[in-house]
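Hi everyone, thanks for coming. I'd like to walk you through one structure today, so please have the viewer open and follow along.

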Amino acid sequence: MTTRRALLTAGASPWFIPRAWAADTPRFALGVASGQPRADGMVLWTRLTGTDLPTRVDVQWELAHDEGFARIAARGVELAEAAWAHSVHAEPGGLEPGRWYWYRFQAQGQRSRIGRTRTAPAADATASLRLALASCQRWDHGHYAAWRHLARQDLDLVAFVGDYIYEYPSSPTALRRHSGGLLLDLDGYRERYAQYKSDPALQDAHAACPWLLTWDDHEVANDYAGTASSTPLGLDLARLRTAAYQAWWEHQPLAKAQRPQAGVMRLYDRLDWGRLARVHLLDDRQYRDVQACPPLLRSSGSRTLFARDCAALNDPARTLLGREQEQWLAQGWSLDRPWNLLAQQTLMARFSSDPAGRYWTDGWDGYPAARARLLGAAAERRVPGLVVLGGDVHAHHVADLKVDFDDARGTVIGSEFCSTSISSHGRKQAALDQALPLNPHMHLARSDVRGAIVLDVQAQQLQARLLAVDDPTDAGSPVRELARFVVDPKQPGPQRA
Ligand code: FE
Ligand code: CA
């Protein structure tokens, strides 16, 4: 790297010195990313770094057919503004379907690294899809060996389903500590994203392929529901959410039209992958009702309770997605593709920890009527190849989906793959081992490993490889295959391969 001293000794003229100072500050320290691949375009992202940036900076971007940028497919200029953390969201259009592209940015005399991205296949094209499912990457709990591995897996797409950052302060003994304390304002959220995005393995994973992202609770505050906080601290959750949603948009490959306004942001979306699959991406935080029967002296928040002790649990009026999103989903299934992949935050299959019915209220088990509505509507429409993808619980789960989980002989209408965390700690495996026999629709439950799931989707079969990081405290740790399942699109339910 060229330093100021090197430039001076090389005889640079005095007018060049201020530029040399500026050149010492890396402008693309958070890497690059892309997202939301369509048949004709995608979103390209970066954010300029440095405290000495002007309020408004022009950023050039270019997208090429080749890594050497010999054949440019599109280029443009975006304005990066201090009010939006100098983030850049470029949206090239008119591209060819089903192709790989390379992109980079330029500003303030510096160039970003090169990212690789792609368009979705044309609507009528036969296609295959290799997708990684990931969630929960708590910085102070472990390193990102899972990302290091995934960046080399020739993925078409990453689906990240929440807890990209965590809002907590770190304990002094943490493996690597969060900078700053509990997140309470825009500057805090920005700094936390910048810290997470400083990780080279995460940067490589973003640069390797486009991502689809949804959030869970920790991008704002633990267990929040709509604008209700789960803490008794008297936090103004609406104000916190406004700051957190802005920082989320600033740091992810999201479209300009999605920029949040007054703490509201449309995130749920769908994406067609040729004739193969429709991917539905949900938001189960922004519109949800508060958790049923919250802890003592609180108006919301989760706990684990016996269903018999909480009449509100089964209230059909309660919703996890909100009425609008529920209807949007029920009307948007693809009936002419073999697969409908439903990427959302948390475990959908029932997971009772007692024969009498004991449930954790922040996940779908806390909204059983809404779950039955969603799955019932899908069963009624005979939605082909329903595969639910989730995260949140820091454990690998593989399950059959049923409209009524209490009916042991009930029809299986879909499959579920819920990925364990990239790095966040999991519950004790013994608790899951004890609960597993109470949930015969559940094929596997492993909270003792960190990792992700890689899905290979083809018209005739979907294959899921559950990954496990050998040592989450080692950034260079090997990653192994823990188990493999397949799904036949004509016969719902995962089968061990
Ligand atoms: Fe988490
Ligand atoms: Ca969560």
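Predicted model: local features only at pLDDT ≥ 70, side-chain atom pairs only at ≥ 80, totals over all residues.

Which residues coordinate the iron ion, ligand 1? The donors are Cys136 through SG, Asp163 through OD, Tyr166 through OH and His394 through NE2, at 2.0 to 2.5 Å. If you like patterns, the spacing of the iron donors along the chain reads C-x26-D-x2-Y-x227-H. How do the angles look? Among the four donor atoms of the iron ion they run from 86 to 167°, and the site is irregular. For those who want the reasoning, a tetrahedral site would need all angles between 85 and 135 degrees, and the iron site has angles reaching 167°.

Cysteine 136 is in the loop between S9 and H3, while histidine 394 is in the loop between strand S17 (386–390) and strand S18 (396–401), 258 residues apart. Are these two buried or exposed? Both cysteine 136 and histidine 394 are buried.

The calcium ion, ligand 2, is coordinated by Asp163, Asp216, Asp217 and Asp392, each through OD, at 2.2 to 2.7 Å. Along the chain, the calcium donors follow the spacing D-x52-D-D-x174-D. Here too the chain is brought together from far away: aspartate 217 comes from the loop between S11 and H6, and aspartate 392 from the loop between S17 and S18, 175 residues apart. Aspartate 217 is buried, with a relative accessible area of 2%, and aspartate 392 is buried as well, at 11%.

What connects the two metals? Aspartate 163 is the bridge between the calcium ion and the iron ion, which lie 3.9 Å apart.

While we're in the loop between strand S11 (211–213) and helix H6 (237–251), have a look at aspartate 223, which is placed there. Its phi is near 60°, a positive value in a residue other than glycine. Aspartate 223 is buried, with a relative accessible area of 7%. Cysteine 293 is another residue with positive phi that isn't glycine, and its value is near 45°. You'll find cysteine 293 in the loop between strand S13 (277–281) and strand S14 (304–306).

On to the aromatics. How many aromatic pairs does the structure hold? There are 14. Let me zoom in on one: the ring centres of tryptophan 139 and tyrosine 196 are 5.7 Å apart with their planes at 40°, so the pair counts as tilted. Tryptophan 139 lies in the loop between strand S9 (129–134) and helix H3 (145–150), and tyrosine 196 in helix H4 (residues 186–196), so the pair ties together parts that are 57 residues apart in sequence. Tryptophan 139 and tyrosine 196 are both buried. Elsewhere, Trp147, Phe160, Tyr164, Tyr193 and Trp211 come together as one aromatic cluster.

Lysine 197 places its charged end over the ring of tryptophan 45, 4.4 Å from the ring centre. Arginine 308 does likewise with phenylalanine 306, at 4.3 Å from the centre.

Last stop, proline 437, in the loop between helix H9 (429–435) and strand S20 (442–446). Buried or exposed? Proline 437 is exposed, with a relative accessible area of 65%. The C-alpha atoms of proline 437 and serine 352 are separated by 9.7 Å, and these residues are 85 apart along the chain.

That's my tour, and I'm happy to take questions. Thanks, everyone!

Key: Residues numbered from 1 in each chain as written. Chains lettered and ligands numbered in written order. Heavy atoms only, no water. Phe/Tyr/Trp six-rings, centres within 6.5 Å; stacked < 30°, edge-to-face > 60°. Helix = DSSP H or I, 4+ residues; strand = E, 2+ residues; numbered from the N terminus. Buried < 20%, exposed > 50% of the residue type's maximum accessible area, 1.4 Å probe, protein only. Lys NZ or Arg CZ within 6 Å of the ring centre and 35° of its normal. Donors = N, O, S within 2.8 Å, 3.2 Å for Na, K, Ca; no water. Tetrahedral: all angles 85-135°; square planar, octahedral: opposite > 155°, others 65-115°.
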